[in-house]
Amino acid sequence: MKNNFAQIFFLIVSALSSVQVFSANEPPPPPTLPPPPGFPIDSGVVVLFFIALITGYFITQKIYNKKTPN
């Protein structure tokens with residue numbers, strides 16, 4: 001008996017929730033704003049680029065200093 005009541009309750013709740021979801025009005029679309037002027041690169045990418053350049057410079061200097069005899 002409890003199992004039948006649970007199944008019926010589940011079906012009723014599912015039907016009511018689906019009716020509620022499908023009857024909801026769609027929200028209006030958000031207003032479109034023009035993109036801000038400028039080049040859209042994040043400042044973190046620029047910082048990582050310069051860190052990579054500096055690191056590459058020091059690594060190459062270390063490699064070339066090992067190859068040349070003192």
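This is a predicted model: local features need pLDDT of at least 70, side-chain atom pairs count only at pLDDT 80 or more; totals for chains, interfaces and linings use all residues.
Local features need pLDDT of at least 70, side-chain atom pairs count only at pLDDT 80 or more, and totals for chains, interfaces and linings use all residues. Residues are numbered from 1 along each chain as its sequence is written, and side-chain values use heavy atoms, without hydrogens and water.

The protein chain has 2 helices and 0 strands (DSSP runs numbered from the N terminus: H or I of at least four residues, E of at least two). Of its 70 residues, 0% are buried (buried is under 20% relative accessible area, exposed over 50%, partly exposed in between; 1.4 Å probe, protein chains only). Its accessible surface is about 7,300 Å² (Shrake-Rupley method, 1.4 Å probe; for residues, only the protein chains shown count as cover). Carbon and sulfur atoms hold 73% of that surface.

The whole structure contains 3 aromatic pairs (Phe, Tyr or Trp rings, the six-membered one for Trp, with centres within 6.5 Å; planes under 30 degrees apart are stacked, over 60 edge-to-face, the rest tilted). One of them joins Phe5 and Phe9, stacked at 6.4 Å centre to centre with 20° between the planes. Both residues lie in helix 1 (residues 2–23), 4 residues apart, about one turn of the helix. Tyr57 and Phe58 form an edge-to-face pair, at 5.6 Å centre to centre and 65° between the planes. Phe58 is exposed because its relative accessible area is 54%.

Phe50 is in helix 2 (residues 43–67). Its relative accessibility is 48%, so Phe50 counts as partly exposed.
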